Amino acid sequence: MHRAVRRCMFTCTRWPRNIFLLRPAHSVIQQPLTSSINFGNPNHRNFVDHGGVFPQQNAFQQRDDTIYALSTAEGKAGIAVIRISGPSCKSIYHGLCPSKPVLKLRYASVRTLYHPESSGSEILDSEALVLFFPNPRTVTGDDVLELHVHGGSATVKAVLSAIPRCTSEGPIRYAEPGEFTKRAFINNRLDLAQVEALSETLAAETEQQRRAAVRGSSGSLGRTYEDWRQQLLRARAEMEALIDFSEDQHFDESPTSLVSNVTKQVKEILRSIHIHEGASERSELLRNGIKIALVGPPNVGKSSFMNQVVGREASIVSGESGTTRDIIEANLDIRGYLCTFADTAGFRSAAGKDQAGPRGSEVKIGAIEEEGIRRARVKATQSDVIIALASIERDALGKPQICFDSETLRLAAECKARLVVVNKRDAVANDELQTLVQRFADQVLNKIAGLESVRPILISCKEAQDLSSDRIDPGGIRGVTDQLVSSFASMTSLPATLQDLHGVTERQRQLLVKCRGHLEIYLKSVGDTTDTSDEGIASDGVVEPDADITMAAEHLRYAANFLGRITGRGEVGDVEEILGVIFEKKMIE
């Protein structure tokens with residue numbers, strides 16, 4: 001009885017199936033299914049259709065305005081590019097180039113630009129390159145006129161001020177931030193995934209960031225998400241037809257068989273979503289930078305090592321213990337990877353004994369240094385790579401030994417990527433050095449889970465500072481860099497067939513998580529208890545004969561809507577809000 005009442009609530013005012021498939025894009029969907037369903041942001045609006053779909057006037061609905069803006073950077077340059085887009089492009093051309101022939105489409109022509117109100121007497125630029133691109137095959141989907149003028153500030157200002165004075169059929173105004181890209185989105189020249197990729201391309205500072213942004217601009221991600229959305233919409237339409245007309249019409253496919261087929265599609269999409277989520281984590285490392293923490297006991301050369309890596313004196317170097325009290329960070333590009341190095345306070349116990357090595361010297365730690373050690377511990381747990389430093393020191397009898405800190409080694413073992421570096425290799429002869437390192441590996445590293453296979457890297461910051469040396473890598477710093485780059489590649493690389501997934505952004509990942517949540521609830525609604533891991537998804541699972549098809553269909557609708565939010569297509573009513581978030585982060589033309 002309860003199920004029948006719930007089905008009536010959803011189906012008594014349902015649109016016929018053929019109308020459902022022809023709903024207008026960007027419509028507002030009324031009333032939430034339940035306030036308890038929320039994956040992620042509690043303020044996020046979940047929508048479901050109870051039969052009333054009211055078209056919303058598109059906030060980006062194209063007006064007759066013609067917009068223009070300076071496309072190149074401000075300031076003096078050899079050439080400045082001014083882009084104009086809209087229905088009045090031809091009028092603007094005739095206003096700036098009176099009595100000149102019509103431009104050949106998509107060909108560059110040299111023209112003298114005149115002030116439109118001077119009757120051809122006031123020259124703005126004697127030799128400008130002018131191009132005209134007719135709609136719809138343009139960057140915005142509208143007519144586009146480009147003026148390549150001399151880059152002097154006065155010339156650019158003169159041309160910009162003259163454009164709105166041209167006689168035209170509609171308004172001419174300076175473009176709002178991101179308006180060219182918004183028009184490209186409205187005219188289906190770009191989807192939201194490509195808009196994000198364009199934003200990342202403009203913000204790219206390293207080679208790996210550029211490559212990831214280029215992968216996302218191909219449009220393949222948007223096509224993939226739209227294909228998933230269409231699959232879910234078709235599946236939902238079939239299930240709704242089963243709900244509405246199963247008692248009146250004969251279906252070639254039984255309800256159980258239909259739900260089983262839809263469930264197979266859902267599991268395949270879930271498997272792909274898991275892959276995209278994992279790729280997002282890797283691509284975010286490229287975008288936001290890889291965080292590296294330098295940890296170890298005092299006076300092992302953390303600050304000297306950091307200065308050698310970044311190529312400047314970022315940290316203070318001193319023989320006094322506890323010199324570094326706070327975290328010192330430096331950003332740099334290591335062979336195309338954006339990295340953030342963090343030099344931390346030296347680890348040692350506040351109980352009164354030096355835990356950095358076997359010397360057992362008495363120490364006193366103040367409150368400031370203790371706070372620095374606490375911050376260093378937190379920083380290490382938040383890092384993507386930990387470099388645990390040790391050093392070769394001599395005890396009171398002059399016997400060499402490796403000074404290390406057990407806690408920093410354990411922190412390194414728990415990190416996804418780690419290096420163990422031993423400094424001051426120049427303090428002993430090579431034979432004795434190898435013996436010390438082998439003993440350190442056998443007695444210390446092999447007894448810490450996660451470090452059994454780690455081979456210490458030997459360096460000398462003192463030798464690295466010797467600029468007169470004729471050796472290629474006198475201090476071994478380049479060897480550490482090689483190991484870091486190798487770790488970066490393993491943390492961020494994807495198979496050749498999945499390279500486009502480097503374009504998956506954090507916003508897209510969050511929406512995929514919400515989509516996945518509703519698809520997993522769908523599986524529970526139809527009584528499928530198969531594990532949704534990679535192994536479980538491949539299985540057909542078992543679908544109960546009395547599965548709650550009504551609720552299952554609604555969760556397919558939710559999942560499809562979240563996929564639509566990724567590309568900005570389908571039944572999404574807050575595209576302007578999504579674009580606003582994208583344009584807030586980075587300036588797009």
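Visitor: What are the ground rules for the numbering and the model?
Guide: Residues are numbered from 1 along each chain as its sequence is written, and side-chain values use heavy atoms, with hydrogens and water left out. The model is predicted: local features need pLDDT of at least 70, side-chain atom pairs count only at pLDDT 80 or more, and totals for chains, interfaces and linings use all residues.

Visitor: How many helices and strands does the protein have, and what makes a run count as one?
Guide: There are 19 helices and 15 strands.

Visitor: Why is Ala162 called buried?
Guide: Buried means under 20% relative accessible area, exposed over 50%, and partly exposed in between, with a 1.4 Å probe and protein chains only. Ala162 has 0%, so Ala162 is buried. Of the 589 residues of the protein, 52% count as buried.

Visitor: Where does Ala162 lie, and what does Ala162 contact?
Guide: Ala162 lies in helix H4. Contact means heavy atoms within 4.5 Å. Leaving aside neighbours within four places in sequence, Ala162 contacts Leu96, His115, Pro116 and Leu124.

Visitor: How do you know that the buried residues of H4 line one face?
Guide: In H4 (residues 153-162), the buried residues are Thr155, Val156, Val159, Leu160 and Ala162. Seen down the helix axis, they fall within an arc of 165 degrees, so they line one face. That arc is taken over the directions from the helix axis to the C-beta atoms. On the other side of H4, Ala154 and Lys157 are exposed.

Visitor: What makes H3 mostly covered?
Guide: In H3 (residues 89-96), 6 of the 8 residues are buried. They are Cys89, Ser91, Ile92, Tyr93, Gly95 and Leu96.

Visitor: Why does Ser88 count as buried?
Guide: Ser88 has 1% relative accessibility, so Ser88 counts as buried. Ser88 lies in the loop between strand E4 (79-85) and H3. Not counting residues up to four places away in sequence, Ser88 touches Thr66, Ser168, Glu169, Gly170 and Ile172.

Visitor: Why is H6 called roughly antiparallel to H7?
Guide: The axes of H6 (residues 192-203) and H7 (residues 207-216) come within 8 Å and cross at roughly 160 degrees. That angle makes H6 roughly antiparallel to H7. Angles under 35 degrees count as roughly parallel, over 145 as roughly antiparallel, 65 to 115 as roughly perpendicular and the rest as oblique. Axes are lines fitted to C-alpha atoms, for helices over the stretch in contact, and angles run from 0 to 180 degrees between N-to-C directions.

Visitor: Which residues make the contact of H6 with H7?
Guide: H6 brings Ala193, Gln194, Ala197, Glu200, Thr201 and Ala203, and H7 brings Gln209, Ala213, Val214 and Gly216.

Visitor: Why are H9 and H15 called oblique?
Guide: H9 (residues 255-288) and H15 (residues 477-492) pack at about 135 degrees, with axes 8 Å apart. H9 and H15 are therefore oblique to each other. Arg282, Leu285 and Leu286 in H9 meet Ser490, Met491 and Thr492 in H15.

Definitions and conventions. Helices (H or I, at least four residues) and strands (E, at least two) are DSSP runs, numbered from the N terminus.
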